[in-house]
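Please look over the sequence and the model, and then follow the text from loops to helices.

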Amino acid sequence: MNKIYNNLNPENLTKTEWFNQFAYWQKTVIISGLKNNLDVSIYAKKEFNHSQMNQIKNGLEEGLDVSIYAKPTFDEEQMEQIRLGLEDNLDVLVYAKTEFDYWRMREIREGLEQGLDVSIYAKKEYSWEQMDEIKLGLKYNLDVSVYSKPEISWEKMREIRKQLLKESTL
């Protein structure tokens, strides 16, 4: 790939056997990266679909360290959450883990953006709904230890959180 990338312009590259291994939308992302003078060798790989390639390309355009998420084990939505965290200079290593789906990554990223102690809920045992309830409790300075237990359903967590909030405003 490096040899191809270094010696061919985008127009000539489209005529190579290497380039023809990709699907149409993958090719468009590769060409776009080449036109923007990006190192497309980072994402021009068969194991990435075009949406994953696009997330990596977007990170490269922003000058981000895409090595954190340029892995086929992350889907494009997970890649997006990691990229957004990198753009905001957050400690994405807290949630850049395959055990967290997109929804949980988002909850952790939002907590980091709000300056919350996400270590309380950045655990694979919690669903994203449970994480959200704990995050909301932290946001309002509630004692989340009362309900931050994986065995408590998010609906029950919500009830407890609302009761704690009600008691704190009395």
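In which loop does Asn37 lie? In this predicted model, Asn37 is found in the loop between helix 3 (24–35) and helix 4, and with a relative accessibility of 66% it counts as exposed. The phi of Asn37 is near 60°, which is a positive value in a residue other than glycine. Most residues other than glycine have a negative phi. Asn89 also has a positive phi, near 55°, and is likewise a residue other than glycine; its place is in the loop between helix 5 and helix 6. The two asparagines are set side by side below.

Leaving aside residues up to four places away in sequence, Lys57 touches Val29, Ser32, Gly33, Leu38 and Tyr43.

The text now turns to helix 6. This helix has 12 residues and reaches 16 Å from its first C-alpha to its last, which is close to the 16 Å expected at 1.5 Å a residue. Of its 12 residues, 9 are buried, so helix 6 is largely enclosed by the rest of the structure. The buried residues are Tyr102, Arg104, Met105, Arg106, Glu107, Ile108, Arg109, Gly111 and Leu112, and what covers them includes helix 5 (76–87) and helix 7. After helix 6 comes Gly115, whose phi is positive, near 75°.

How do helix 6 and helix 7 lie relative to each other, and at what angle do they cross? The axes of helix 6 (residues 102–113) and helix 7 (residues 128–139) come within 8 Å and cross at roughly 15°; because angles under 35 degrees count as roughly parallel, the two helices are roughly parallel to each other. Their crossing is left-handed. On the side of helix 6, the residues that meet helix 7 are Trp103, Arg104, Arg106, Glu107, Ile108, Glu110 and Gly111, while helix 7 contributes Trp128, Met131, Asp132 and Lys135. The residues of this contact divide into 4 nonpolar, 1 polar and 6 charged. Among those that meet helix 7 are Arg104 and Glu107, which are also listed with the buried residues of helix 6.

Technical notes
Residues are numbered from 1 along each chain as its sequence is written. This is a predicted model: local features need pLDDT of at least 70, side-chain atom pairs count only at pLDDT 80 or more; totals for chains, interfaces and linings use all residues. Side-chain values use heavy atoms; hydrogens and water are left out. Axes are lines fitted to C-alpha atoms, for helices over the stretch in contact, and angles run from 0 to 180 degrees between N-to-C directions. Helices (H or I, at least four residues) and strands (E, at least two) are DSSP runs, numbered from the N terminus. Angles under 35 degrees count as roughly parallel, over 145 as roughly antiparallel, 65 to 115 as roughly perpendicular and the rest as oblique. A crossing is left-handed if the near helix is turned anticlockwise from the far one by less than a right angle, and right-handed if clockwise. Contact means heavy atoms within 4.5 Å. Ala, Val, Leu, Ile, Met, Phe, Trp, Tyr, Cys and Pro count as nonpolar, Asp, Glu, Lys and Arg as charged, and the others, Gly among them, as polar. The expected span of a helix is 1.5 Å times one less than its number of residues. Buried means under 20% relative accessible area, exposed over 50%, partly exposed in between (1.4 Å probe, protein chains only).
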